[in-house]
Amino acid sequence: MRSATLTPPSTLPSLPDNNRLRLLSGSANVALSQEVARYLGMDLGPMVRKRFADGELYVQIQESIRGCDVYLIQPTCRPVNDHLMELLIMIDACRRASARQITAVLPYYGYARADRKTAGRESITAKLAANLIAQAGASRVLAMDLHAAQIQGYFDIPLDHVYGSPAVINYLKSKQLPDIVVVSPDVGGVARARALAKKLDDAPLAIIDKRRQAHNVAEVMNVIGDVAGKTAVLVDDMIDTAGTITEGAKLLRQQGARQVYACATHAIFSPPAIERLSSGVLEEVIVTNTIPIAEENRFPQLTVLSVASVLGETIWRIHEDTSVSSMFR
């Protein structure tokens with residue numbers, strides 16, 4: 001896995017309240033949490049996590065966090081319900097241990113796709129999960145690449161929204177791909193694609209017109225923009241079953257694209273994603289490590305980039321009350 005150079009903040013040793021910063025990790029992505037801790041020159045706080053015989057989760061923090069600023073790193077990825085419940089229990093434990101501030105660090109925010117009602121009698125789970133996190137006792141949230149920007153407004157506590165794009169942009173620039181055109185797989189992702197295109201020396205933009213007939217089922221219609229003879233870079237926030245990405249890649253090739261790359265922050269990889277992504281329609285699939293990827297889900301075309309430095313730097317800036325948005329200008 002490729003990782004950005006993890007350079008600890010130069011001011012870290014001189015700050016008098018450094019002992020008030022605590023990092024704790026849930027079980028969802030311990031490897032990423034350890035990378036973030038290394039960036040900050042810290043160790044993860046000791047915790048006990050176990051299950052009772054009936055499956056109930058138990059969490060105990062093994063050191064005093066009274067008066068501390070605690071950052072709980074836990075993507076709510078598969079199994080989503082277990083990891084979300086573990087996060088809520090961790091937040092509650094920190095609140096009852098008299099932590100001064102509790103920040104839920106969500107490299108991946110599950111239940112985000114139901115962000116509005118598209119039919120009668122549906123739940124808006126993105127808001128429900130936000131309510132649960134706030135009611136459990138979180139003081140603020142740090143989230144990466146939310147599925148929809150409006151989810152920021154679903155939280156009744158402060159939220160910092162950061163992006164995995166710096167790692168992707170640096171990697172794409174290092175490859176020196178010729179004649180890049182950035183492609184959004186649907187109309188809803190145009191803002192994300194436009195932001196990436198701007199960072200790639202104002203590369204041209206194309207859009208795939210798509211109509212979704214059911215959850216995880218996409219029907220690709222046509223391409224808006226010129227991709228003939230170019231290197232197409234498909235960009236999305238997540239890859240789940242990979243239907244959208246692979247159907248889009250096939251259409252781009254039909255429209256004359258010379259090469260097709262896929263970029264996404266969150267590698268969910270639900271079946272049959274691996275078969276689709278490794279079928280040869282894509283030159284490379286570039287994702288980040290917000291979600292752990294099992295060895296059986298890795299394939300030759302896959303590149304995994306680390307976002308630990310982005311999360312670590314953001315945590316430090318929140319702790320020091322300095323600008324987060326300036327990281328992405």
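Why does C68 count as buried? The relative accessibility of C68 is 5%, and C68 therefore counts as buried, a term that denotes under 20% relative accessible area, with exposed meaning over 50% and partly exposed in between (1.4 Å probe, protein chains only). The model is predicted, so that local features need pLDDT of at least 70 and side-chain atom pairs count only at pLDDT 80 or more, while totals for chains, interfaces and linings use all residues. Residues are numbered from 1 along each chain as its sequence is written, and side-chain values use heavy atoms, with hydrogens and water left out.

The structure holds 0 disulfides, a disulfide being a pair of cysteine sulfur atoms within 2.5 Å. C68 takes part in no disulfide, and its nearest cysteine sulfur, that of C94, lies 9.8 Å away. C94 is likewise in no disulfide. With a relative accessibility of 0%, C94 also counts as buried.

Helix α8 comprises the 12 residues 308-319; helices (H or I, at least four residues) and strands (E, at least two) are DSSP runs, numbered from the N terminus. The expected span of a helix is 1.5 Å times one less than its number of residues. For α8 this gives 16 Å, which agrees with the 16 Å between its end C-alpha atoms. The helix is mostly covered, with 11 of its 12 residues buried, among them L311, W316 and H319. These buried residues pack against β1 (21-25), α1 (30-39), β4 (69-73), β5 (101-106), β6 (140-144) and β7 (159-162), where contact means heavy atoms within 4.5 Å. Just after α8, D321 adopts a positive phi of about 55°.
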